[in-house]
Amino acid sequence: MLNRFNFPGENENLKEEWSGTASSHLPWTSRIHIMFVIVWTFPLVWLMICHPCLAQESNRSIDITNVQCIIYNLSMLNCTWDTNKEVPEGSHFIVHFKQDEHAEACYLYIQKKQKEHFKCHFQQVEIKYKDLKKIHISVNGSSKDYKMNTYSELFNPFSIEKLNPPVNVSLSLSGNNIILTWEQPPTEYKFSKKCFNYEIEDSNGVRSLKSFTGNESISIISPKADTSIMAFQVRVNGHTRCRNPGIWSDWSVVYLKQNHIPQYVGPVVASVIITLILVISFFLCKRFHIKDTLFPPIPDPKKPFIGLFQSHNKDFKEWIGGDAFTETTEQEDTVTMKVE
């Protein structure tokens, strides 16, 4: 058998010839199509192989959702959250608080299966409002059956602050008006009165917003209502002049009792009193003959001389003859007359 020997440069010529032949037989559209298939086939193959693993890992993890935190009573912090699935018994969560270099942690242990309304409470937290340093809150946990995915968020301390209600709320009367006064709530920072916004609600449920910028007193004037008891309530929030608005405070409620008498009561009471006086006077007069005492009867001269004018035609001599005593005796019990 004879072996064929390649001379120098022969292989290069063959490669060029083959390359030129292949290139000449594949149009540009086919080349683009082949490249497109290769690019999209690889990710699909990868997903087909790894998707069951990813699905299994997703089913074995718990997401922490709907995290909400609130600062109240000056230095207390409360955080709540939910999960996308039920957390088994024996799991626990950790809430991390950090602001600048200050950090604290709150631990929550799950005693029974639960899916929502998780809560962790920080009793005393040092919160810095100066320079608007944000608070970093992160929530994570562990479970024997699931992997806990960590949740992390930055909060502006003013945005999650719930101020205490206004203090020293009072009502007073001034003519036909009611004056409602109060004082701004205590805070960990010193803000002027213009940095607060107040909401007032009266007994009829009518609400109004009020803010103060000058040296005027913190008060409002309202017309006096035609009711015996009036109630007002006031709450406070931050104003955008100085800070981010937070969460409205609870209501401060104050009542005012008025000695109010309805218009119809006066005439009714007067009529009753007058009637009682008349009835009592009538019975007193009947009992003690007050009428006879105050107004004694006036003697009537005709009674002793009835026979003189009726029977004797004013003949006094004839009447004296004897009929006068008889007639007067019939009219009265005893009449004694002496004629000289």
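1. A disulfide here is a pair of cysteine sulfur atoms within 2.5 Å. Cys195 and Cys242 meet that cut-off, with their sulfur atoms 1.9 Å apart. Please keep in mind that this is a predicted model.

2. The Cys195–Cys242 link is left-handed, with -70 degrees about the S-S bond. Both ends sit in loops: Cys195 between strand 12 (177–183) and strand 13 (196–201), Cys242 between strand 16 (229–238) and strand 17 (252–257). The pair therefore ties together parts that are 47 residues apart in sequence. Burial of the two ends needs a separate look. Cys195 counts as buried, at 3% relative accessibility. Cys242 is partly exposed, with a relative accessible area of 30%.

3. How many disulfides does the structure hold? There are three. With bonded cysteines counted along the chain, their pattern is 1-2, 3-4, 5-6.

4. Cys69 is joined to Cys79 by a disulfide, S to S 2.1 Å. Cys69 belongs to strand 2 (residues 64–72) and Cys79 to strand 3 (residues 76–83), so this pair ties together parts 10 residues apart in sequence. The torsion about the S-S bond is about 110 degrees, so the disulfide is right-handed. Cys69 is buried, with a relative accessible area of 8%. Cys79 is buried too, at 0% relative accessibility.

5. Another disulfide joins Cys106 to Cys120, S to S 1.9 Å. Cys106 lies in strand 5 and Cys120 in strand 6, so the pair ties together parts that are 14 residues apart in sequence. The link of Cys106 and Cys120 has -95 degrees about the S-S bond and is left-handed. Cys106 counts as buried at 9% relative accessibility. Cys120 is buried, with a relative accessible area of 2%.

6. Why do Cys106 and Cys120 both count as buried? Buried means under 20% relative accessible area. Cys106 is at 9% and Cys120 is at 2%, so both fall under that cut-off.

7. Strand 5 (residues 102–109) runs antiparallel to strand 4 (residues 92–99), and eight bridges join the two.

8. Phe93 and Phe118 are both buried.

9. Strands 4 and 5 are themselves joined by eight bridges.

10. Tyr129, Phe158, Tyr189 and Phe191 form one aromatic cluster. The ring of Tyr146 has the charged end of Arg60 over it, 5.0 Å from the ring centre.

Key. Residues are numbered from 1 along each chain as its sequence is written. This is a predicted model: local features need pLDDT of at least 70, side-chain atom pairs count only at pLDDT 80 or more; totals for chains, interfaces and linings use all residues. Side-chain values use heavy atoms; hydrogens and water are left out. Two strands pair if DSSP finds at least two bridges between them. Helices (H or I, at least four residues) and strands (E, at least two) are DSSP runs, numbered from the N terminus. Buried means under 20% relative accessible area, exposed over 50%, partly exposed in between (1.4 Å probe, protein chains only). Rings of Phe, Tyr and Trp (its six-membered ring) pair if their centres lie within 6.5 Å; planes under 30 degrees apart count as stacked, over 60 as edge-to-face and the rest as tilted. A charge sits over a ring if NZ of Lys or CZ of Arg is within 6 Å of the ring centre and within 35 degrees of the ring normal.
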